[in-house]
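Thanks for coming. Please have the sequence and the structure open while I talk.

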Amino acid sequence: MEFLASILVAIIVVELYAWLPKIAEWLRELAVSRVRAEDRERCREEWKERLNGLPNTVIRVVDAFSLLGAARQINADVCEDKLAELNTRLAHLSDIHHRNCRKVKEAEQLFWSNRESRDTRFRCAEKDLQESNLRLLDASAPHPSLQMSVKRMQELTDNFVKTLHVSFERTDHLMEEMIGRHVIKIKEGEIVLREILVAYASAKHLLRYRLKSLRFLASSVADLETKVSQLEMDIDHENECPENDEPLAEYNRISGARASVGNARRL
Amino acid sequence: MPDPRLSHETLRVLRLFLEEPRERLAGSDICKRLGVLSGTAYPILMRLERAAWLESEWEEVDPREAGRPRKRLYRLTALGYNKARQALAGLGVPEGRLAWNS
């Protein structure tokens, strides 16, 4: 019985020993499959050379087994580098976003203060015009034909003032709309930026404490990278050139028309 | 690219390169000379290469003629040389080959 058992054990040991090179190869391929695609060929050849250089098959298996750890460490390092790079990009984006916020706030304040001073000046001008019209009417009382002309001029002036009111209202509405659109873009950008920052912090935490499979984490990091690229484009649009803005073009058109009316009146 | 993490094993690898700064070493040579497993050496080499402290290229042999796969040969860059010297000096580790071993 003992003799049979020893023969059986010997057979198993011989079989296992014969399988060791295959096991080492399988472990190496498993490790290679775990690194990212662009490093696979290089790792395959490099690790094959290393394992072939080892004299003993048992050592070879142990070394091949350690390659699984190597693949894990390489993935972790790649994730760490990517996260460091994303951190720099996010800090830069955050700076741009804050600058955009400030610019839009300043533009909004400027718009309101300009509007207020314009309205004040306009009211004064309107009052002066009414007073001078009254004086003209009084002065032209002895000359009926002149008074008729003065009344006609008064009507024209009233119409012009009304047109200016309408054009101011329209311009204000367009400017408010434009500023509102920028504010919405800024707010949306801020929400996405916050979401990405939370995702970044969570990925960093997961990587630090190795709480998730590194392959899964690598895909999360890649996903994060795509989101950051999208955000870069969005934040770029947050601050899009106002010249391209339709309302501003409309505003310029109205200003031009108003200037033409002014010139016509002077002539 | 930030400086790589300098673990004990990383410093050993760097010291090995500083012994012969112009020498090109394969991963397998490094494992053999330091007596470490591949699982320790290769991540360090790749990390140092990503940080541009090391550069690597394939050995110029035909694998069929040589009867073995090509080696990937690593060498210190100028940046790596300076950084490695700084790192080892900062830790008070003598650089270069030890008199005992030479």
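Of the contacts in chain A with a separation of 6 or more, what percentage is between residues 24 or more positions apart? It is 78%. Keep in mind that this is a predicted model.

Let me stay with chain A for a moment. Chain A has 6 helices and 0 strands. Read from the N terminus, then, its elements go α-α-α-α-α-α. The chain has 267 residues, and 31% of them count as buried.

Now look at two of those helices, H3 of chain A, residues 57-139, and H4 of chain A, residues 144-208. Their axes come within 9 Å and cross at roughly 165 degrees. An angle over 145 degrees counts as roughly antiparallel, so that is the label for H3(A) and H4(A). The crossing of these two helices is left-handed. As for the residues in the contact of H3(A) with H4(A), 29 are nonpolar, 11 are polar and 10 are charged.

H3 of chain A also meets a helix of the other chain. How do H3(A) and H3(B) run, roughly parallel or roughly antiparallel? Their axes come within 7 Å and cross at roughly 25 degrees. Angles under 35 degrees count as roughly parallel, and therefore H3(A) and H3(B) are roughly parallel to each other. This crossing is right-handed. On the side of H3(A), the residues making the contact include A:Asp63, A:Ser66, A:Leu67 and A:Ala70. On the side of H3(B), they include B:Tyr42, B:Pro43, B:Met46 and B:Arg47. Sorted by class, the contact of H3(A) with H3(B) has 7 nonpolar, 4 polar and 5 charged residues.

B:Leu37 sits in the loop between helix H2 (27-34) and helix H3 (38-50) of chain B. Residues up to four places away in sequence aside, B:Leu37 touches A:Val62, A:Asp63, A:Ser66 and B:Cys31. Two of these, A:Asp63 and A:Ser66, are also in the contact between the two H3 helices. Its relative accessibility is 36%, so B:Leu37 counts as partly exposed.

Next, the loop between H3 and strand S2 (54-58) of chain B, where we find B:Ala52. The phi of B:Ala52 is positive, near 65 degrees. B:Ala52 has a relative accessible area of 37%, so this residue is partly exposed.

In soluble globular proteins, nonpolar side chains tend to be buried together. The largest nonpolar core here has 43 residues, and those touching the most other members are A:Trp47, B:Val13, B:Phe17, B:Ile30 and B:Leu45. Both chains contribute: among the elements that each supply at least two residues are helix H1 (2-34) and helix H2 (37-52) of chain A, and strand S3 (72-76) and helix H5 (78-90) of chain B. The largest share, 8 residues, comes from H3(A).

Apart from its neighbours within four places in sequence, B:Phe17 is in contact with B:Leu25, B:Ile30, B:Leu45, B:Leu54, B:Tyr74, B:Arg75 and B:Leu76. There is also a second, separate core of 18 residues, including A:Leu83, A:Leu193, A:Leu224 and A:Ile235.

That is where I will stop.

Definitions and conventions: Residues are numbered from 1 along each chain as its sequence is written. Chains are lettered from A and ligands numbered from 1 in the order in which they are written. This is a predicted model: local features need pLDDT of at least 70, side-chain atom pairs count only at pLDDT 80 or more; totals for chains, interfaces and linings use all residues. Side-chain values use heavy atoms; hydrogens and water are left out. Axes are lines fitted to C-alpha atoms, for helices over the stretch in contact, and angles run from 0 to 180 degrees between N-to-C directions. Helices (H or I, at least four residues) and strands (E, at least two) are DSSP runs, numbered from the N terminus. Angles under 35 degrees count as roughly parallel, over 145 as roughly antiparallel, 65 to 115 as roughly perpendicular and the rest as oblique. A crossing is left-handed if the near helix is turned anticlockwise from the far one by less than a right angle, and right-handed if clockwise. Ala, Val, Leu, Ile, Met, Phe, Trp, Tyr, Cys and Pro count as nonpolar, Asp, Glu, Lys and Arg as charged, and the others, Gly among them, as polar. Buried means under 20% relative accessible area, exposed over 50%, partly exposed in between (1.4 Å probe, protein chains only). Contact means heavy atoms within 4.5 Å. A nonpolar core is a set of buried Ala, Val, Leu, Ile, Met, Phe, Trp, Tyr and Cys residues joined through side-chain atoms within 4.5 Å.
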